[in-house]
Amino acid sequence: MASPSEHSGSTKGDYPWWLVALVVIAVAIAVMIAANEIYTQVFAVILKGLWVTIFVTVVGFTLATLLGLGVALLGLSDSAVARQFARFYTEVIRGVPILVLLFYVAFVGAPALVALANFVATPLVTAGYIEPFLVRDVSLMWRAIIALMIGYSAFIGEVFRAGIQSVDKGQIEAAKALGLSRYQRFRLVIFPQAIRVILPPLGNDFVAMVKDSSLVSVLGVSDITQMAKVYASGSFRFFETYSIVAYVYLILTVGLSLALRGLEKRLRKGFER
């Protein structure tokens, strides 16, 4: 699903009435929440999961960005094996739904990783130096973060690849002629120019992960959605609960989209200077 920033473009000079409408609606809902005891109670319960949502999103996106950059660099490598591996990884991961990946990492990948760790540590376990690892030692939150990291790394890798390839080859050749190393060329020449192309879709992926972080509730992770599910199932106030959930996610995603658009404009002006 496209983020609000993708649909918020307007003809130059148009007043952003859509934003005015959103602000008015948001303020009206906030007043309703403050004035209604039931909505206030629902809002307080849901907010308990806010920091979990933020933590899962920020950590998952940071790791996905690092992994995605690594995949992009492999895809642009001089080695044919590295390029084929990067393409294989990207196509496979992009073809698996995030929800399926969550289940696979949580209930297949984590047990397999624990079994591998126990196999490697067999001599230490046998000697009594350490206890065998257990599957429950890997928290469901971190299983969810790893799944989001893997799932988004393939998309972010393509964003980085496209951004890096958008840099004019003449710039790279000039950097080579100056005797800059591969790392220096990337840090001083390629990346500063590529970031203009990378930032907008990267920001959209971040907003998308905020929304997809709600999927971690299927593993019982106490994020916003999970707290809402627990409250609604006990109180049967489904309308009030999920209306507040939608409101909170809209505040997060629209606010982030506006902040990212402002950052893009500032960077664009900086580059034009």
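Which helices each supply at least two residues of the lining of the largest pocket? The views below take up this point and others, for a predicted model in which local features need pLDDT of at least 70, side-chain atom pairs count only at pLDDT 80 or more, and totals for chains, interfaces and linings use all residues. Residues are numbered from 1 along each chain as its sequence is written, and side-chain values use heavy atoms, with hydrogens and water left out.

**View 1. The largest pocket and its lining.** The helices in question are α4 (50–75), α8 (140–165), α9 (169–177) and α10 (182–212), helices being DSSP runs of H or I of at least four residues, numbered from the N terminus. The largest pocket holds about 650 Å³ of space. Of its 16 lining residues, the closest to the centre are Leu 76, Ile 164, Ile 172, Arg 182 and Ile 190. A pocket is here an open set of points on a 1 Å grid over the protein atoms alone, where a 1.4 Å probe fits, with protein on both sides within 12 Å along at least five of seven lines, and lining residues have an atom within 4 Å of a point. By class, the lining has 8 nonpolar, 2 polar and 6 charged residues.

View 2. Residues 42–61 are 90% helix and 0% strand, with end C-alpha atoms 28 Å apart, whereas residues 98–120 are 100% helix and 0% strand, with end C-alpha atoms 30 Å apart.

Definitions and conventions
Points joined across faces, edges and corners; volume = space filled by probe spheres on them. Nonpolar A, V, L, I, M, F, W, Y, C, P; charged D, E, K, R; others polar.
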